[in-house]
Amino acid sequence: MRVTQFSVVNPYKQNLEDIQNRRFKNQIKMSTGKEIIGLGDAPEKIPNVKKLAALIQQNEDYLKIIDDQIGQFQQTENFLQAISDKMEKIRQLAVDGTQVGNMGNLSVLGNYIKGIITDITRDANADYNGSFLFAGTKTKAESFDPLVPNFNGMPFELIEGESTPANRSGLTVVFKGNQESRILNKDQKTTEKVNTTSEEIFGENGTEVFASLIDLYNLVMYNEDGTIRGVNDVLRVDEVDKLNIIQEKIANFSYKINQITSRNGGRANRFQILRDQIYEENNRLKEFLSQKNDADIAKTALELSKDEYALQYSLQVGGRILQNSLFDFLK
């Protein structure tokens, strides 16, 4: 049998390459903390690992959606409470307007009421992360009906038109959204309505309560002939009766809004419970995935150390095997 230099060099090169490959894999395992770094490492485990990773990612996506929705519920509750408080304030002003001591200050009360109506309209235009809360599925200004007057780019707008006998101030509130429900997928199997529509809060067409508020403002601010009340003007008996009817309507709307606020809180609680459940499920899935996929760091470190020693030894051996140069063959 003919023996050449390659009969020594080729096995050496193969052995050196194997050591370097093992060392490289162990280095990756140490840096990533993962046992499986290639399709050939554990083919029988890969389908389960991929499935577990997909479930964990899906749950993470649902958690982001639920967290965002919980924030929206909180924002909705804040503005519903603010609207209810302002309506209660207007109702109290209406009651104050019937008191003898305030009879000469009706125009002052009227201006105060108009200011609160403006504030309620502003609260009704509340948004969360750029999406309107109470406009149904028309959460962006560009989705509004172009045929509806739109000067502020908001779902609700207080417009001052021409004075009429029925509406001395000419004030009216227009609504540009819709009454559609926004449905959210809470998980793979269940959905839930998550928005509060304007009709639920403000009555028919989303503007009924504003009509009552404006009626109250007109009643307090203007005489029957359309002139602004002066310091000596007082409410007549029939006007006091009208005022009591209007303030009762406002009180009913305020009570209704408080009920809606409670319902919104119930939704938020359900989503919080669901969030906790998904979070716990993900922790268990991650623990199971860790058992399937995570590297044994202590064992890997020991193997890497052995590979380092083996590589150094192989290089030293190779240095002795490959000592011949071109001059050795020319002798």
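Me: How many aromatic pairs does the count come to?

Reply: The count comes to seven aromatic pairs. Rings of Phe, Tyr and Trp (its six-membered ring) pair if their centres lie within 6.5 Å; planes under 30 degrees apart are stacked, over 60 edge-to-face, and the rest tilted. One of the pairs is phenylalanine 156 with phenylalanine 210, which is tilted because the ring centres are 5.8 Å apart and the planes stand at 45°.

Me: Why does that pair tie together parts that are apart in sequence?

Reply: Phenylalanine 156 belongs to strand E3 (residues 156-160) and phenylalanine 210 to helix H5 (residues 208-221), so the pair connects parts 54 residues apart in sequence. Helices (H or I, at least four residues) and strands (E, at least two) are DSSP runs, numbered from the N terminus.

Me: Are those two buried or exposed?

Reply: Phenylalanine 156 and phenylalanine 210 are both buried; buried means under 20% relative accessible area, exposed over 50%, and partly exposed in between (1.4 Å probe, protein chains only). Tyrosine 217 and tyrosine 222 form an edge-to-face pair, because their ring centres are 6.2 Å apart and their planes lie at 90°. Both of these tyrosines are buried as well.

Me: Which residues do ring pairs link into a cluster?

Reply: The cluster consists of Phe156, Phe175, Phe202 and Phe210.

Me: What is known of the model itself?

Reply: It is a predicted model: local features need pLDDT of at least 70, side-chain atom pairs count only at pLDDT 80 or more, and totals for chains, interfaces and linings use all residues. Residues are numbered from 1 along each chain as its sequence is written, and side-chain values use heavy atoms, with hydrogens and water left out.

Me: Turning to the strands, how many bridges join E3 to E4?

Reply: Five bridges join E3 and E4, and the two strands run antiparallel; strands pair if DSSP finds at least two bridges between them. Glutamate 157 stands opposite valine 174 in E4.

Me: Why is E4 largely enclosed by the rest of the structure?

Reply: Four of the five residues of strand E4 (residues 171-175) are buried, so the strand is largely enclosed by the rest of the structure.

Me: And where does the charged end of arginine 275 sit?

Reply: The charged end of arginine 275 sits over the ring of tyrosine 279, 5.8 Å from the ring centre. The criterion is NZ of Lys or CZ of Arg within 6 Å of the ring centre and within 35 degrees of the ring normal.
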